[in-house]
Amino acid sequence: MSKAMPRASILLRAAVLAGAVLLSFAPVAQAQSGAEKALSAQSFSIVAPFPPGGPVDVLARILAAGLNERYKQAAVVDNRTGANGNIGIDQVKRAAPTGHTLLVVPAGNLTINPTLMPKLGYSVDGDFAPVASLAKAANVLAVHPAVPAKSVAELVALSKARPGTLSYASPGVGSGLHLAGELFKQQSGADLLHVAYKGTTPGLNDVLGGTVPVIFGNLPALLPHIQAGKLRPLAVTDPARAPALPDVPTLAEAGVPGVAVTSWYGVMAPKGTPAPVLAELAADITRIFNAPATKAQLEKLGLNVWISTGSAFGDTIRKEAAVWAPIIKSRKIEAE
């Protein structure tokens, strides 16, 4: 601060007189003014490559509202759906790397699809820069209430007593929930048939209707039906219990270790986005999603804020991709 210009000195003196809070913000604003200025120059497009109403869309809209308030520029959510998210992802890949076009995406598109779909059309490391993770959601193993199993052990025993007859629904071949089911079968010895759907809703509807007895699903999608008594949760696939379901054990607690599968969501920018802009966006995301009102809003939906930024977030993506690759290959899972 000793080399600050006279005007900055005046502002600093005012900050001292006003109190420590203003003083603490003065150097941050000064250091980030270049990236702030660049981001304030035009509107934002927040690409959500899945339909409205789901976690990706909800998180994208929270981000858009926060950026709009921060930079006083329009921030529009673009639900560019299709091809398992690949259409929207390709749009961001081709966007100008200024920080004004951002991708809100679930983990699977970054950690599973590159192995599952060799001709994907994008490279996570080669085409994108990690900005920040946003939130995590527990995954739940649940059954229709008519299923005579009230615990994981009872479900495993029932599946063995009725080999080839019990099936589980997932949102699609190679989805994180499909892989969670395959890991569960591998670790527990359960005899379950996989039924793949094109998205969470059609599979969930069949389970609610009793057509399919078992489901691996995201907590945000299943929670209202669990609360209404239309689904019976047996376990969560996370390492820790879900705050929204404190009485439901983890699979490890239920006697099936090695199935720690969490759904998470993050923000990516086109490769080549300047490092100061990425850092500024990461700081914005941290502020937006750590706001108490945002945390409370997301917790009601079964989502927990989880922020990891920059290279740390990139490391998470690479490490998780390295876990899934051998499982996909050993189980011979192929995209439809």
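Of the contacts in the chain with a separation of 6 or more, 75% are between residues 24 or more positions apart. The model is a predicted one. Its chain has 15 helices and 11 strands. Of the 336 residues, 46% are buried. The accessible surface amounts to about 15,400 Å², and carbon and sulfur atoms hold 58% of this area.

**Strands and pairing**

An open sheet is built from 6 strands in the order β2-β1-β3-β10-β4-β11, with mixed pairing. Its edges are β2 (75-78) and β11 (303-305), each of which pairs on one side only. On average, and with direction ignored, neighbouring strands of this sheet are turned by 30 degrees against each other. Within the sheet, strands β1 (residues 44-47) and β3 (residues 101-106) run parallel. The two are joined by 3 bridges, and Ser45 has Thr101 in β3 as its bridge partner.

Strand β5 (residues 139-143) pairs with β8 (residues 214-218) and runs antiparallel to it. The sense is also antiparallel between β5 and β9 (residues 232-236).

| Strand pair | Sense | Bridges | Facing residues |
|---|---|---|---|
| β1 and β3 | parallel | 3 bridges | Ser45 and Thr101 |
| β5 and β8 | antiparallel | 5 bridges | Val140 and Gly217 |

In general, the strands of a sheet pair through backbone hydrogen bonds, either parallel or antiparallel.

Strand β5 is mostly covered, with 5 of its 5 residues buried. Asn139, Leu141 and Val143 point one way from β5, while Val140 and Ala142 point the other way. The residues on both sides of β5 are all buried.

**Helix packing**

Helix α13 (residues 275-290) packs against helix α14 (residues 292-300) at an angle of about 65 degrees, and their axes are 5 Å apart. Angles of 65 to 115 degrees count as roughly perpendicular, and α13 and α14 are therefore roughly perpendicular to each other. On the α13 side the contact is made by Ile288, Phe289 and Asn290. Helix α14 contributes Pro292, Thr294, Lys295 and Leu298. Sorted by class, the residues in this contact are 4 nonpolar, 2 polar and 1 charged.

Asn86 lies in helix α5 (residues 86-93). Its relative accessible area is 15%; the limit for buried is under 20%, so Asn86 is buried. Not counting residues up to four places away in sequence, Asn86 touches Asn109, Asn113, Met117, Leu120 and Tyr122.

His178 is placed in helix α10 (residues 176-188). With a relative accessibility of 5%, His178 also counts as buried. Leaving aside neighbours within four places in sequence, the contacts of His178 are Tyr168, Ser170, Gly172, Val173, His194 and Ile333. From C-alpha to C-alpha, His178 and Val195 are 8.9 Å apart in space; in sequence they are 17 residues apart.

Conventions: Residues are numbered from 1 along each chain as its sequence is written. This is a predicted model: local features need pLDDT of at least 70, side-chain atom pairs count only at pLDDT 80 or more; totals for chains, interfaces and linings use all residues. Side-chain values use heavy atoms; hydrogens and water are left out. Axes are lines fitted to C-alpha atoms, for helices over the stretch in contact, and angles run from 0 to 180 degrees between N-to-C directions. Helices (H or I, at least four residues) and strands (E, at least two) are DSSP runs, numbered from the N terminus. Angles under 35 degrees count as roughly parallel, over 145 as roughly antiparallel, 65 to 115 as roughly perpendicular and the rest as oblique. Contact means heavy atoms within 4.5 Å. Ala, Val, Leu, Ile, Met, Phe, Trp, Tyr, Cys and Pro count as nonpolar, Asp, Glu, Lys and Arg as charged, and the others, Gly among them, as polar. Two strands pair if DSSP finds at least two bridges between them. Buried means under 20% relative accessible area, exposed over 50%, partly exposed in between (1.4 Å probe, protein chains only). Accessible areas come from the Shrake-Rupley method with a 1.4 Å probe; for residues, only the protein chains shown count as cover.
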